[in-house]
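This report describes selected features of one structure: a strand pairing, the sheet around it, an aromatic pair and a helix.

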Amino acid sequence: MELQESLSTTLVGHHPEDAAAVLEAWPVRDAAQLLTALRPEAAAGVLARMAPAQAAALLGRLDSARASALVAALGLDRAAFLVRRLGAETRAALLEALPAERARPLGLLLRFPPGSAGGLMDPQVLALPEDLRAEQALARLRETPENALYNLYVLDRDQRLVGVMNLRELLLAPPEASLGAVMRTPVQHLRADTERHAIVAHAGWREVHSLPVVDEAGRFLGAIRYRTLRRVEEELRGAETAPGAPTAQALGDLFWTGVAGLLEAVAGAAAGPAPAARG
């Protein structure tokens, strides 16, 4: 069983698109058993690549502890995309089971319609107050480098977006200078209610690799990353075929049979009889 689980996790990690296609052909109960047997990171990678309705059905089938572990392993935008599709009671139980540092930004994304700038942004992007000194800003960056972008957004004490600077400018700034003294204005930005076509068409993408998102009062909410822009562009072009699909086709029926068989072996060992193999 340990060898099967290790092989299955490795295979799923390298070919999550193929595993997603296999699981989409299974009954929800059996697919949920398999996701329970996999490590959260591997299971989340498969879930992220499944058709939305089936992925949400699977997520809703899991107990709240397991579902929250998978949601914690997903990217925030994808997690919000799937959690929106859950029933109100299931969604509330899942959010309750999440750690606070994950539940807060996810809850913020869920306030906005899917496909809007507010629903697509990363709410954890670092933004700092204008009265902070440059040396203090660098210290904050070192504390949470995972939340930093190439651009650093500057806010007033009412949380309104007032300026921007890149990391090179911050490094070259006098240590005692306030961010307000060295920041640039105006700032290219998006309103939270901006829809996908307008997001993609925004002129700011010609100059920057992320765009800040603000509410109707100009308060900073987060930023849309360039990788999110590319995903939205693909969705608008109707590119629904997963990136790994041509590879899967080239590998042929032998690969598909191997994936399905190995996954079924793990699911069967974890939860009784496995579903019949799919051709």
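## Strand pairing

In this predicted model, Asn151 lies opposite Asn166 of strand S3. Strand S2, residues 151-155, and S3 run antiparallel and are joined by five bridges.

## The sheet

S2 and S3 belong to an open sheet of three strands, ordered S1-S2-S3, in which the pairing is mixed. Strand S1 (127-129) and strand S3 (161-166) are the edge strands; each has a single partner strand, so one side of each has no neighbour in the sheet. From one strand to the next, the twist averages 35°.

## Aromatic pairs

Two aromatic pairs are found in a search of the whole structure. One of them consists of Tyr153 and Phe220: the ring centres are 5.7 Å apart and the planes stand at 35°, so the pair is tilted. Tyr153 is in strand S2 and Phe220 in strand S6, so the pair links distant parts of the chain, 67 residues apart.

Both partners fall under the 20% limit for burial. Tyr153 has a relative accessible area of 1%, and Phe220 has one of 13%.

## Helix H9

Helix H9 spans residues 100-110, and its buried residues are Arg102, Ala103, Pro105, Leu106, Leu108 and Leu109.

Definitions and conventions: Residues are numbered from 1 along each chain as its sequence is written. This is a predicted model: local features need pLDDT of at least 70, side-chain atom pairs count only at pLDDT 80 or more; totals for chains, interfaces and linings use all residues. Side-chain values use heavy atoms; hydrogens and water are left out. Two strands pair if DSSP finds at least two bridges between them. Helices (H or I, at least four residues) and strands (E, at least two) are DSSP runs, numbered from the N terminus. Axes are lines fitted to C-alpha atoms, for helices over the stretch in contact, and angles run from 0 to 180 degrees between N-to-C directions. Buried means under 20% relative accessible area, exposed over 50%, partly exposed in between (1.4 Å probe, protein chains only). Rings of Phe, Tyr and Trp (its six-membered ring) pair if their centres lie within 6.5 Å; planes under 30 degrees apart count as stacked, over 60 as edge-to-face and the rest as tilted.
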